[in-house]
Amino acid sequence: MNDEITSLKKNHTWILVEKPSNRRTVGCKWGFRVKECLIASEPRRHASIRVLLALIAVYDLELDQLDVKTAFLHGRLHEEILMTQPEGHVDSEKPNHVCLLKRSLYGLTQSPTQWYLRFVEFMLSHGYLRFSFDCCVYYKLISSSLYIYLLLYVDDMLVACKSREEIEALKNLLSSEFDMKDLGSAKKILAMEIKRDRSKGIIFISQEKYLKRVLETFGIPSFSCMMYDMVLTRPDISYALSVVSRYMVSPGKEHWRAVKWVMRYPSGTLSHRLVYGRSEIKSEGICGFIDSDFAWDLDRRRMVKIHTDRNPADMLTKVVITTKFKVCLDITGRDCY
């Protein structure tokens, strides 16, 4: 608590003023909780994280993780907000005064926006650009073939670049403006564990520990936890979840039995993980494919890009037998310990 108060004073978060008779004040209370939770909030684009990890695997980039201490305190308030003095830290000389906030605080509805605007202003002023697909991903061209990338999620950052010196330079730049914590090589973000085998050019991402904690808490994975797994590291459960989700408005006993059956699958496949690596096919970078040729076959109006026996998209769109399901897992880069 004392460290928090010190940080608030260091950032000049408020000044004490006499309370106007015609103004209301917002309350102030301390919140104590474990920072790591079972269900994390969703980032703007989960795909951005996966694409960045794929780039890192293909080009063997360095990957570091940073954390912004008391991120919301860096946001600038434009409204005049009065707050009661924090309990246990009331100024003895001005006990009847209130805090006129100069910085945003956790709990204010505008705090995330003000922190985001402050960070955007800082990054753009130093020559960084934002992706149009995801405004939380920044990049900068250092030289003709050298890029540096920064992915921001609230107060967590992933920084990737081929040059270790450029990453350290960006860390120093950020530290000059914000109170930063250097976490070193990225190991975990948004409940995703990140492991690398640089000798083979492979990156693994999984949520094994996350699912184990969920199992210890609930006995079986909760539906919301499984949805979170689905969008990050478990595309193999997406079709099953999409089917049972259709009956959430008015479920019956048979639907509940189906849900329990679906929930048993991740319990038995905790070690499954996504794998990103270099392709044996020589290319200029990451290649993307879609399973559609827009009905180029004019006679039968069918797609002709891929045989059904080798189509990994089938596990995302239809019921498949076990052997076909395992083939789809192999093709899409699933891996087990």
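Methionine 83 stands opposite cysteine 99 of strand S4, in a predicted model. Local features in this model need pLDDT of at least 70 and side-chain atom pairs count only at pLDDT 80 or more, while totals for chains, interfaces and linings use all residues. Residues are numbered from 1 along each chain as its sequence is written, and side-chain values use heavy atoms, with hydrogens and water left out. Helices (H or I, at least four residues) and strands (E, at least two) are DSSP runs, numbered from the N terminus.

**The three-stranded sheet**

- Three strands in the order S1-S4-S3 form an open sheet with antiparallel pairing; two strands pair if DSSP finds at least two bridges between them.
- Strand S1 (14-18) and strand S3 (82-83) are the edge strands, and each pairs on one side only.
- Two bridges link S3 to strand S4 (residues 97-101) in the antiparallel sense.

**The six-stranded sheet**

- The order S5-S6-S7-S8-S2-S9 describes an open sheet of six strands, again with antiparallel pairing.
- Strand S5 (129-130) and strand S9 (180-185) each have a single partner strand, so one side of each lacks a neighbour in the sheet.
- Strand S7 (residues 146-153) and strand S8 (residues 156-161) run antiparallel and are joined by six bridges.
- Leucine 152 stands opposite methionine 157 in S8.
- Helix H2 (residues 46-59) packs on this sheet and touches S2, strand S6 (137-143), S7 and S8, where contact means heavy atoms within 4.5 Å.
- The direction of H2 makes about 150 degrees with that of S7.

**Glutamate 62**

- Glutamate 62 belongs to strand S2 (residues 62-68).
- The side chains of glutamate 62 and arginine 164 are joined by a polar contact of 3.0 Å (a pair of N or O atoms within 3.5 Å; within protein, one must be able to donate a hydrogen and the other to accept it, and residues adjacent in sequence count only if both atoms are side-chain atoms).
- Leaving aside residues up to four places away in sequence, glutamate 62 touches several residues, including Val159, Cys161, Ile167 and Arg198.

**Helices H7 and H8**

- The axes of helix H7 (residues 238-245) and helix H8 (residues 253-268) come within 10 Å and cross at roughly 165 degrees; axes are lines fitted to C-alpha atoms, for helices over the stretch in contact, and angles run from 0 to 180 degrees between N-to-C directions.
- That angle makes H7 roughly antiparallel to H8, a description used for angles over 145 degrees.
- Ala240, Leu241 and Val244 of H7 meet Ala258, Val259 and Val262 of H8 in this contact.

Note on methods: Angles under 35 degrees count as roughly parallel, over 145 as roughly antiparallel, 65 to 115 as roughly perpendicular and the rest as oblique.
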